[in-house]
Amino acid sequence: MKMRSVRRTAAVTVLAALIAVSGRVAAEDDLRHMVDDARKAAVQILTQIRGEVTKELERSGPLRAMVVCKYSAPEITSTISRQTGMRVTRVALRVRNRALGEADPWEQQALLDFEKRLAKGETIDTLEASEIVNEPAGRVFRYVKAIPMGQPCMNCHGPVSGLSEAVKAQLVNEYPFDRAVDFQVGQVRGAVSVKKSL
Ligand code: HEC
């Protein structure tokens with residue numbers, strides 16, 4: 001009798017452990033899928049915005065190209081948000097438009113970490129971070145991917161001395177609190193941020 005109950009206890013323990021492991025594997029699998037989806041959305045946004053900025057710069061110059069960062073970028077992020085059911089935005093530590101681009105504390109931490117990782121030699125194209133966090137409204141999947149500062153971006157986010165007079169005047173006029181200048185090619189300009197409630 002005693003022997004049987006020991007055996008039963010052991011069986012229950014093994015079963016509980018198996019369930020716990022398979023639960024963990026399933027959760028890890030879910031997380032991996034969410035990261036894959038988020039990365040795909042972020043890459044699509046980066047490619048599309050970079051393409052449009054380059055095209056518009058060639059076609060009509062830096063003053064007109066501003067509309068890409070101002071109007072096309074939010075259009076692209078909201079289209080992709082609608083298509084994927086995830087909330088996708090662009091954020092940065094130093095922003096031009098505070099109303100849209102200011103990073104929240106989780107994003108700030110990730111962006112600071114990106115700068116450290118970049119300084120240690122990691123390549124900018126693979127800088128990403130993800131986590132499931134508990135927020136007051138519930139559990140949320142979070143993901144960020146670095147936005148690299150590229151050559152075309154220098155027209156409007158590079159050192160002020162290199163900006164055209166027209167761009168400088170427009171920036172002073174529209175963004176008196178602009179902090180999104182003085183970046184160098186290869187630096188982290190910001191991040192594409194993805195959020196999904198679980
Ligand atoms: C022709 C000028 C111009 C060029 C070129 C340009 N941007 Fe911008 N960028 C802007 C303006 C203007 C804003 C503010 C838009 C707004 O009002 O929301 C902005 C905003 C941003 C933001 C949002 C955060 C913030 O600072 O407000 C990011 C991120 C960004 N740009 C990245 C880039 C990258 C990366 C490139 C190169 C691929 C680039 N930009 C090229 C003008 C430009």
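Donor atoms of a metal site are taken as N, O and S atoms within 2.8 Å of the metal (3.2 Å for Na, K and Ca), and sites may look incomplete since water is not among the atoms. The model is predicted, with local features requiring pLDDT of at least 70 and side-chain atom pairs pLDDT 80 or more, whereas totals for chains, interfaces and linings use all residues. Residues are numbered from 1 along each chain as its sequence is written, and side-chain values use heavy atoms, without hydrogens or water.

The iron atom of the ligand is coordinated by Cys-69 through SG and by His-157 through NE2, at 2.1 to 2.3 Å. The pair joins distant parts of the chain, with Cys-69 in helix α1 (residues 2–84) and His-157 in helix α4 (residues 154–157), 88 residues apart; helices (H or I, at least four residues) and strands (E, at least two) are DSSP runs, numbered from the N terminus. His-157 is buried, at 10% relative accessible area, while Cys-69 is partly exposed, at 31% (buried is under 20%, exposed over 50%, partly exposed in between; 1.4 Å probe, protein chains only).

Around the ligand lie 20 residues, of which Cys-69, Cys-153, Cys-156, His-157 and Arg-189 come nearest; a residue is counted if one of its heavy atoms lies within 4 Å. Helix α1 gives the largest share of this shell, 6 residues. An oxygen atom of the ligand is 2.7 Å from a polar backbone atom of Arg-96. In the side chain of Tyr-175, an N or O atom is 2.6 Å from an oxygen atom of the ligand. For His-157, a side-chain N or O atom is 2.8 Å from a ligand nitrogen atom.

Notes: Polar contact = N/O pair within 3.5 Å; in protein donor to acceptor, adjacent residues only side chain to side chain.
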